[in-house]
Amino acid sequence: MSSQAYHRSDDADVYRKNASFVYSDEYSAPVLKLLDPEPGDKILDLGCGSGELTCKLASAVGPRGLVFGQDASEDMIKKANASIDVDADGTPKFEVRDAQDPIAQGQRGQFDKVFSNAALHWMKRSPSSVVQNVYSSLRPGGSFAAEMGGFMNCVGVRSHLHLALSRRGVDPAPLDPWFFPTAAEYTKLLQEAGFTVETCELVPRLTPLPKESGLKGWLSTFAGPFLNAFDSQEEREEVVAEVEDALRSDAYDASTGTWSVMYVRLRFLAVKPK
């Protein structure tokens with residue numbers, strides 16, 4: 001399985017340094033509330049990364065429950081496995097798997113709940129396959145709670161990446177790794193798979209970036225597919241500098257030395273009918 005399937009940085013240490021806000025208590029609390037993990041639940045965590053939230057879910061379901069984390073990145077899963085005792089009761093299990101690929105027969109109808117945080121927007125190849133696989137993995141009455149990038153997520157950053165590549169004669173469209181749907185678009189995907197949609201909404205969230213890495217760190221972590229269109233490090237750095245210059249007036253607070261990105265999250269809860 002390709003470790004490039006989701007196209008975010010697959011280096012778990014880089015991700016933790018530049019993007020630990022993704023799984024912070026503050027930002028993950030709303031979607032965890034929608035999921036409502038309970039003791040004894042069997043939960044699938046899609047796009048689990050290095051497993052921070054997966055471990056939190058495992059603590060919530062306790063030894064009678066089970067949490068299974070999946071991610072397309074081998075390095076992320078390696079870090080997740082290294083951080084826990086995977087043989088202890090009540091701890092999560094992890095595997096490398098692309099959620100867009102067909103699920104194993106043994107996973108059909110095996111989970112009470114499916115959870116995903118900040119991962120579904122990387123699954124651009126076949127979002128409908130992801131939703132259909134989730135539906136198949138749930139038991140009747142099971143729920144799917146997730147948060148992902150939605151319409152207008154990273155507004156400004158994305159457009160200036162496109163402009164920087166276009167100025168250099170590179171078509172950015174096939175390189176763009178992100179699927180940022182509207183609430184109506186994703187509701188349709190869920191309903192077509194058979195789900196009853198309880199809630200699906202866009203939630204704007206201004207997101208300050210770590211001061212030590214700033215926008216450069218964010219771009220190195222998340223914009224690899226754009227930057228890797230260029231062979232030389234010098235060219236990649238020129239693109240980053242150009243995007244920084246273009247965004248400085250809107251996204252940099254000189255009084256605090258802090259860069260921010262305008263995130264817009266798509267948060268939803270859907271249920272498989274009994």
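## Where two helices meet

Which residues in H2 meet which residues in H3? Asp25, Ser28, Leu32 and Leu35 in H2 meet Leu53, Lys56 and Leu57 in H3, with contact meaning heavy atoms within 4.5 Å. By class, this contact has four nonpolar, one polar and two charged residues (Ala, Val, Leu, Ile, Met, Phe, Trp, Tyr, Cys and Pro count as nonpolar, Asp, Glu, Lys and Arg as charged, and the others, Gly among them, as polar).

## About the model

This is a predicted model, where local features need pLDDT of at least 70 and side-chain atom pairs pLDDT 80 or more, while totals for chains, interfaces and linings use all residues. Residues are numbered from 1 along each chain as its sequence is written, and side-chain values use heavy atoms, leaving out hydrogens and water.

## How the helices cross

Helix H2 (residues 25–35) and helix H3 (residues 52–61) pack at about 45°, their axes 12 Å apart. Axes are lines fitted to C-alpha atoms over the stretch in contact, with angles from 0 to 180 degrees between N-to-C directions. Helices are DSSP runs (H or I, at least four residues) and strands likewise (E, at least two), numbered from the N terminus.

## The second largest pocket

The second largest pocket holds about 160 Å³ of space. A pocket is an open set of points on a 1 Å grid over the protein atoms alone where a 1.4 Å probe fits, with protein on both sides within 12 Å along at least five of seven lines; lining residues have an atom within 4 Å of a point. The volume is the space filled by probe spheres set on the points, which are joined across faces, edges and corners.

Helix H10 gives the most to this lining, with four residues. The lining includes His160, Asp250 and Met262, and its classes are eight nonpolar, three polar and one charged.
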